[in-house]
Amino acid sequence: MGRDLATIAAFAAAVGALTWALDSGVWLTFVMLALYATLLAQAWNILGGYGGQFSFGHALFFGCGAYVQAIAQLQGGLNAWVALGLAVAVAGAVGSFVGALSFRYGLKGSYFALVTLAFAEVFRILAVSASFTGGGVGLMLPLQESVANLQFGSRKGYIGVVLGFVVAALLVTAWLRHSRFGAQLQAVRDNEDAARAVGVDPYRTKLGAITLSAAFMGAAGAFYLQVFQYIDPGIAFGPHVSVEALVGAIVGGMGTLWGPVLGALVLHLLADLTRNLFGQLPGLNMVIYGAVLVLIVMFLPRGLSGMGRSVRELWRRGRG
Amino acid sequence: MLEFGILFPSVLNGLTTGAVYALIALGLTLIYGVLHIINFAHGAALMVALYAVYLLKTQWGLDPYLALPLVVPGMFALGYALQRGIVNRASHGKDENILLVTLGLSIVLENLALMLFKSDTRTIETAYTLTTVPIGPAFIALPKLVAFAGALAASAILLWIVTRTDLGRAIRAVAKEKHGAKLMGIDVDHVYAMCFGIGLACLGAAACFLLPAYYVNPQVGGGFVLVAFTIVVLGGMGSFAGALVGGLLIGVVESLGGLFLGESLGQIGIFAIFIAVLLFRPQGLFGSKA
């Protein structure tokens, strides 16, 4: 635990120093978006990597966070920081609800992936049809720059907020690696029957994991709204966010502390690089994400952070 | 509101759509029943087939129904190649990997289509697009009737292949007992790829029947993939009868849901069924307890 805490502190200090030193808006935006992508990947990793439950609809929790953040301010007249707390809580609650339903009835593997996808789609349709969500047009947050409104004139303020969430997610992940709860969760992931036999309650551990995971997705959704000041049903509940979260975690390495950070950063660099090379083509980003996902699963099943081990194994198999 | 004159056309329309859904779901259930994998790229593959039909019509003026002998074998070849070249290699013996790889494939296909064709929704014009046929008090569009008959015929052919041919026998053997089939000299990888190919060939046929009365855009598959999964889960994973009945049922539910709740909310009915079946009866209506 001590070593993990030290590396997390070093990471936070390094990103903080880099942000403080940077002056160019382009690079600050890059740091901000990379941290945001890291938050998505790390949130997915809590449930997918440590819990072994592959969600294809994590946008559900992201969208709930974003919409609560918007509606609490626009219609509830709440302060943005209070709304942020509410957004995280509601997303976590929605996570518990979906988890309670799915895990109570023993949904696993592909079935769980499908049911999360279906829930996200149901929420998307509801958001299109309801009036308090602004329907298909979406909701716009008026520009009112001030710290109290969680709107900053410089990217540095946003980086501070998202870095806080990333560090929190890393701390929770480190806790999963060293705590009793985390050990139980990983036992359930590796062999549910064996875990049950030694007295672990799979339902409760998985429920805890999905709640934590959903709460961080909700934070990411609320952050998205504050930065871009706009949300619509497609952005909130569509497949893009779900894919970004899961690909980041898988490419970096599921069930590791730093894998999702690495995965999100690499994907983000790749996306930026192709944008510079080929211009802003619609869909190009996602083609890269999909292709990288296929290649990683084919050749590096442990992700980039487990590359050394995978390559050694491939080489040994090639010789033997 | 519950007048026969309103309900009857709605149910008929639902049945015609449902038959095409059933054909799509049959492809999915065949792949699931034999390979025990969920082909997440099913919707994206349907989208590819729809664009193929669209291009054949707009570039060469080929009628969608006459495109059948081109699109069906083409989709079969694509399926065979995808399974042998990518899906089989990526599995490493784990089902989750296949789920992820087919998800990756669907992302790539959908967004390639977005890059090539933009997100515009496209339709084709045929001489019979607007022709209607009176059935009782209802008027049904001719392409929908053709789709109904065609989808049922294609389903019948699929059932004939699986139950009456040597290939079908091999498929059923592999589905039941992979290792035993291997010992009897069946090339399991070949059978897997054939199933994947046939599953995608169903989509080729469905695309030819759909397009005259439907549209295509890069996201079109997404709607179908959840509907097809709903049908497969409802009917029982791997059950052919379940896919047929489930398809017709879901078509009617969607049509009636649209009638009572409006176009977008009507879809909720499908997802409500999907989530409810997954939670309370995951073996489906026709499936046996796993």
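Which residues are buried in helix H6 (residues 166-176) of chain B? In this predicted model, they are Ala170(B), Ile171(B) and Val174(B). The three cover an arc of only 100° around the axis, and they therefore lie on the same side of H6(B). The cover over the buried residues of H6(B) includes H1, helix H5 (142-164), helix H7 (178-183) and H8 of chain B.

## Confidence in the model

The model has an ipTM of 0.86 and a pTM of 0.89. Chain A has a mean pLDDT of 92, and 99% of its residues reach 70 or more. For chain B the average pLDDT is 86, with 98% of the residues scoring at least 70.

In chain A, the lowest mean pLDDT (77) belongs to helix H14 (residues 307-319), and the highest (97) to helix H9 (residues 202-228). In chain B, H11(B) has the lowest mean pLDDT (79), while H2(B) has the highest (94). Where pLDDT is low, the predicted coordinates should not be read in detail.

## Two packed helices in chain B

Two packed helices are described by the angle between their axes and the distance between the axes. Helix H1 (residues 4-35) of chain B packs against helix H8 (residues 188-210) of chain B at an angle of about 175°, and their axes are 9 Å apart. Angles over 145 degrees count as roughly antiparallel, and H1(B) and H8(B) are therefore roughly antiparallel to each other.

On the side of H1(B), the residues that meet H8(B) include Val20(B), Leu23(B), Ile24(B) and Gly27(B). Among their counterparts in H8(B) are Tyr192(B), Cys195(B), Phe196(B) and Gly199(B). The residues of this contact of H1(B) with H8(B) comprise 20 nonpolar, 2 polar and no charged.

## The contact between the chains

How many residues does the contact take from chain B and from chain A? Chain B contributes 34 residues and chain A contributes 35 residues. On the side of chain B that touches chain A, at least two residues each come from helix H3 (68-90), helix H4 (95-117), helix H9 (220-235) and helix H11 (263-280) of chain B. H4(B) gives the most to this side, with 15 residues. By type, the residues of the side of chain B that touches chain A are 24 nonpolar, 7 polar and 3 charged.

## Individual residues and their surroundings

The table gives the C-alpha separation of each from a second residue of its chain.

| Residue | Second residue | Separation in sequence | C-alpha separation |
|---|---|---|---|
| Ile270(B) | Ala201(B) | 69 residues | 25 Å |
| Met47(B) | Ile140(B) | 93 residues | 25 Å |
| Lys156(A) | Ala214(A) | 58 residues | 26 Å |

Ile270(B) lies in helix H11 of chain B. Ile270(B) is buried because 25 other C-beta atoms lie within 10 Å, and the cut-off for a buried residue is 20 or more. Apart from its neighbours within four places in sequence, Ile270(B) is in contact with Val227(B), Thr230(B), Ile250(B), Val253(B) and Glu254(B).

Met47(B) is located in helix H2 (residues 42-60) of chain B. Met47(B) counts as buried, since there are 26 C-beta neighbours inside 10 Å. If residues up to four places away in sequence are not counted, Met47(B) touches Leu109(B), Glu110(B), Ala113(B), Val216(B), Pro218(B), Val220(B) and Gly221(B).

Lys156(A) belongs to helix H6 of chain A. With 15 other C-beta atoms within 10 Å, Lys156(A) is partly exposed. Beyond the residues up to four places away in sequence, Lys156(A) touches Thr19(A) and Leu28(A).

## Positive phi angles in chain A

Most residues other than glycine have a negative phi, and most peptide bonds are trans. Leu150(A), a residue other than glycine, has a positive phi near 60°. Leu150(A) is found in the loop between strand S1 (139-140) and helix H6 (155-178) of chain A. Is Leu150(A) buried or exposed? Leu150(A) is buried, with 24 other C-beta atoms within 10 Å.

Gln229(A) also has a positive phi, near 55°. This residue, Gln229(A), occupies the loop between H9 and strand S2 (230-231) of chain A. Gln229(A) is partly exposed, with 15 other C-beta atoms within 10 Å.

Methods:
Residues numbered from 1 in each chain as written. Chains lettered and ligands numbered in written order. Predicted model: local features only at pLDDT ≥ 70, side-chain atom pairs only at ≥ 80, totals over all residues. Axes fitted to C-alpha atoms, helices over the stretch in contact; angles between N-to-C directions. Helix = DSSP H or I, 4+ residues; strand = E, 2+ residues; numbered from the N terminus. Parallel < 35°, antiparallel > 145°, perpendicular 65-115°, else oblique. Contact = placed C-beta atoms within 7 Å. Nonpolar A, V, L, I, M, F, W, Y, C, P; charged D, E, K, R; others polar. Buried ≥ 20, exposed ≤ 12 C-beta atoms within 10 Å, placed from the backbone. Arc of directions from axis to C-beta. pLDDT = per-residue confidence, 0-100.
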